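Me: I've got a structure open and want a quick walk through it. Can we start with the charged pairs and then move on to the core and the pockets?

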Amino acid sequence: MPFFPIPESFGTEEEWRQKYTEQQLYDEFTTDENGENPLSPEEGEKKIKKLGGYDKLYRIKFEADYLRKLAYDGAARLYGEPLAPEVDERIRFELQVMKTMGCPGYFLIVQDFINSARKELGVWVGPG
């Protein structure tokens, strides 16, 4: 996966490494978006290993948290604040899926391409 440069104003990966313990990462990556329905210890460890181990999880968490910020900023612009509970629930679900699949960096790259196409190149971008 290519590396997406996150603005330093958001923070640094090193700060995330100091802020979160491996147990916190384990809990976050092995439960649902509500912190419920944990995987069994065996399945949890398989999940962590599949994602590249704890070293990689710190990067994924960092990217996921930045993607979360962008998603909620965009949702506030589209839907106003406070967000309707069903909108918030859907955002949390989708972000959890992206994070636990290990690909928030991919979505950051895609949104960067789309923003560049719209703002810098004048290209129409939409569904399909």
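This is a predicted model: local features need pLDDT of at least 70, side-chain atom pairs count only at pLDDT 80 or more; totals for chains, interfaces and linings use all residues.

Me: Where do Arg 17 and Glu 13 sit, and how far apart are they in helical turns?
Reply: They lie in helix H1, residues 13-19. They are separated by about one helical turn, because they are four residues apart in that helix.

Me: How many salt bridges does the structure hold?
Reply: Eleven.

Me: OK, what does Glu 28 pair with?
Reply: Lys 61. Their side chains meet in a salt bridge, 3.1 Å from N to O. This pair links distant parts of the chain, with Glu 28 in helix H2 and Lys 61 in helix H4, 33 residues apart.

Me: Buried or exposed, those two, Glu 28 and Lys 61?
Reply: Both Glu 28 and Lys 61 are buried. For Lys 61 the relative accessible area is 5%. The cut-off for buried is under 20%, so Lys 61 falls inside it.

Me: What else does Lys 61 touch?
Reply: Leaving aside neighbours within four places in sequence, Lys 61 contacts Trp 16, Tyr 20, Leu 25, Glu 28 and Phe 29. Lys 61 also makes a salt bridge with Asp 65, at 3.0 Å from N to O.

Me: Where is Asp 65 relative to Lys 61?
Reply: Both are in helix H4, four residues apart, or about one turn of the helix. Asp 65 is buried too, because its relative accessible area is 14%.

Me: Switching to the core. Which residues touch the most other members?
Reply: Leu 25, Phe 29, Leu 57 and Ile 91, in the largest nonpolar core, which has 25 residues. Helices H2 (22-29), H4 (53-79), H5 (85-100) and H6 (104-119) each give at least two residues to this core. H4 gives the largest share, nine residues.

Me: Why would nonpolar side chains gather like that?
Reply: In soluble globular proteins, nonpolar side chains tend to be buried together.

Me: And what does Ile 91 touch?
Reply: Ala 71, Tyr 72, Ala 75 and Leu 83, if you don't count residues up to four places away in sequence.

Me: What classes of residue line the largest pocket?
Reply: 13 nonpolar, three polar and six charged.

Me: How about the second largest pocket, what volume does it have?
Reply: About 230 Å³. Its lining includes Glu 28, Lys 61 and Asp 65, along with Arg 68, Arg 92 and Lys 99. H4 and H5 are the elements that give two or more residues to this lining.

Me: And the classes in the lining of the second largest pocket? What are the counts?
Reply: Two nonpolar, two polar and eight charged.

Definitions and conventions: Residues are numbered from 1 along each chain as its sequence is written. Side-chain values use heavy atoms; hydrogens and water are left out. A nonpolar core is a set of buried Ala, Val, Leu, Ile, Met, Phe, Trp, Tyr and Cys residues joined through side-chain atoms within 4.5 Å. Buried means under 20% relative accessible area, exposed over 50%, partly exposed in between (1.4 Å probe, protein chains only). Contact means heavy atoms within 4.5 Å. Ala, Val, Leu, Ile, Met, Phe, Trp, Tyr, Cys and Pro count as nonpolar, Asp, Glu, Lys and Arg as charged, and the others, Gly among them, as polar. On a 1 Å grid over the protein atoms alone, a cavity is a set of points where a 1.4 Å probe fits but cannot get out, and a pocket is an open set with protein on both sides within 12 Å along at least five of seven lines; lining residues have an atom within 4 Å of a point. Grid points are joined across faces, edges and corners, and a volume is the space filled by probe spheres set on the points. A salt bridge is a side-chain nitrogen of Lys or Arg within 4 Å of a carboxyl oxygen of Asp or Glu.
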